Amino acid sequence: MHVFCEASTVPEALQLAREEDWDVAVLDLSLGDRSGLDVLKDLKQIRPTLRVLILSMHSEEQYARRAFKAGAAGYITKDSPRAELLEAIQKVMQGERYVSPALVEHLIVDLERDYNHAPHEILSNREFEVMRLIASGKTVGEIAELISLSDKTISTYRARVLEKMGMKTNAELTHYAIQNKLVN
């Protein structure tokens, strides 16, 4: 038997996760009112064995590592061919992980570089999200409205990001994000 559900809000998705017994959930990272990574963690708390495939418009370089660390079983971009999406769903349903060939190549290159950690890798998921939004040109007020936090909270996140990354200005942050392909 196949059961398919679709949720248009985060609370609805979490409620469905409590009520339904899926083999796999397909989750977008761009949810409007909450970070998809936060929702992923919530899903894993509700159903620890639920296999979650991330389907996102964000490149794998930007979010795949964070998604896997948060408990995802696979990551695929929305511009992937339909056959690849089906393959990803099948692998995840079988209890395996799905990593695209492009991401495998990227990970191998990273391993060959043998570096400690890029500055952005030490950021929390929320700090990373705020850093990307700043780097994409959003103001503190726009970010606050977008992710439903106060201007003061976003300013605090901005200060933490700059401190952790050893930077002083939004311009430095933006330059770094562009250089490291963290913004579209």
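## Exercises on a predicted fold

Strands β1 (residues 24–27) and β2 (residues 51–56) run parallel and are joined by four bridges. This is a predicted model, where local features need pLDDT of at least 70, side-chain atom pairs count only at pLDDT 80 or more, and totals for chains, interfaces and linings use all residues. Residues are numbered from 1 along each chain as its sequence is written, and side-chain values use heavy atoms, with hydrogens and water left out.

**Exercise 1. Work out the strand order of the sheet.**

Step 1. Strands (E, at least two residues) and helices (H or I, at least four) are DSSP runs, numbered from the N terminus. Two strands pair if DSSP finds at least two bridges between them.

Step 2. Move on from β2. Four bridges join β2 to β3 (residues 74–77), again in parallel. Here S56 stands opposite T77 of β3.

Step 3. The open sheet has four strands in the order β1-β2-β3-β4, with parallel pairing. β1 and β4 (98–99) are the edge strands, as each pairs on one side only.

**Exercise 2. State the handedness of the unit made by β1, α2 and β2.**

Step 1. Trace β1, then helix α2 (residues 36–46), then β2.

Step 2. Apply the test. With the strands pointing away from the viewer, a right-handed crossover runs clockwise from the first strand over the helix to the second.

Step 3. Conclude. This β-α-β unit is right-handed.

**Exercise 3. Find the buried side of helix α1 and its packing partner.**

Step 1. List the buried residues (under 20% relative accessible area, 1.4 Å probe, protein chains only; exposed is over 50%, partly exposed in between). In α1 (residues 10–19) V10, L14, L16 and A17 are buried.

Step 2. Check the arc, taken from the directions from the helix axis to the C-beta atoms. These residues cover only 160 degrees around the axis, so they sit on the same side of α1.

Step 3. Look at the opposite face. The face turned away from the buried side carries exposed P11, R18 and E19.

Step 4. Name the partner. The buried residues of α1 pack against α2 (contact: heavy atoms within 4.5 Å).

**Exercise 4. Describe the backbone and exposure of S148.**

Step 1. Recall the background. Most residues other than glycine have a negative phi.

Step 2. Compare. S148 is not a glycine, yet its phi is positive, about 55 degrees.

Step 3. S148 counts as exposed because its relative accessibility is 54%.
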